[in-house]
Amino acid sequence: MPRQLFMVWTNPMFRDFVHLLLDHPEIEWLGTTSNYASAQETIHMLHPDTIIVEEVEGGGGLPAKLIELLETESAPVRLICVSLDDNRLQIYSRENWIVSEAGDLLRLIL
């Protein structure tokens, strides 16, 4: 089953580069947008499992509205924030685990 990808970008060259780089049979592109304000609504409608976000220059990280997706989406969503300033990737991932005994919590931490 292919990974379903959505991208939020500010630089069209970044969008084109990532799209070419991730042209792979196991990746299904659901869409892209340069509008951070409408991104959350579009993402909520499309339900991608992976979202790539180009960090706004000097923006200090992922916009709070996109971080809310980790809490509001029922299915696991992975957000990958890319900083072009310093070639840094930040990955935010929400995973659900069932803890049935005390050792399970320790395994999640280690």
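Modeller: In helix α2, the residues Y36, A39, Q40 and I43 are buried, where buried means under 20% relative accessible area, exposed means over 50%, and partly exposed covers what lies in between, all with a 1.4 Å probe and protein chains only. Seen down the axis of α2, these buried residues fall within an arc of 95°, so they line one face of the helix; the arc is that of the directions from the helix axis to the C-beta atoms. An α-helix has 3.6 residues a turn, so residues three or four places apart point the same way. On the other side of α2, A37, E41 and M45 are exposed.

Before going further, please keep in mind that this is a predicted model, in which local features need pLDDT of at least 70 and side-chain atom pairs count only at pLDDT 80 or more, while totals for chains, interfaces and linings use all residues. Residues are numbered from 1 along each chain as its sequence is written, and side-chain values use heavy atoms, with hydrogens and water left out.

Helices (H or I, at least four residues) and strands (E, at least two) are DSSP runs, numbered from the N terminus. The chain has 4 helices and 5 strands, and from the N terminus on they run in the order β-α-β-α-β-α-β-β-α.

The phi angle of H47 is near 55°, a positive value in a residue other than glycine, and H47 is partly exposed, with a relative accessible area of 44%.

D49 leads us to a charged pair, for its side chain and that of R3 meet in a salt bridge, at 3.4 Å from N to O. This pair links distant parts of the chain, since D49 is in the loop between α2 (36–46) and β3 (50–54) while R3 is in strand β1 (residues 3–8), 46 residues apart. A salt bridge is a side-chain nitrogen of Lys or Arg within 4 Å of a carboxyl oxygen of Asp or Glu. Side chains of opposite charge can pair when their charged atoms come close. R3 counts as partly exposed, at 40% relative accessibility.

By this rule the count comes to 2 salt bridges, and D16 and R15 also meet in one, at 3.0 Å from N to O. Both residues are partly exposed, D16 with a relative accessible area of 39% and R15 with one of 23%. R15 also lies over the face of W9, at 4.5 Å from the ring centre; a charge sits over a ring if NZ of Lys or CZ of Arg is within 6 Å of the ring centre and within 35 degrees of the ring normal.

Helix α1 (residues 12–21) also holds V18, which is buried, with a relative accessible area of 7%. Leaving aside its neighbours within four places in sequence, V18 is in contact (heavy atoms within 4.5 Å) with M7, W29 and I52. V18 and M7 are 11 residues apart in sequence and 9.0 Å apart in space, C-alpha to C-alpha.

For the chain as a whole, buried residues make up 32% of the 110 residues. Among contacts between residues at least 6 apart in sequence, 58% join residues at least 24 apart.
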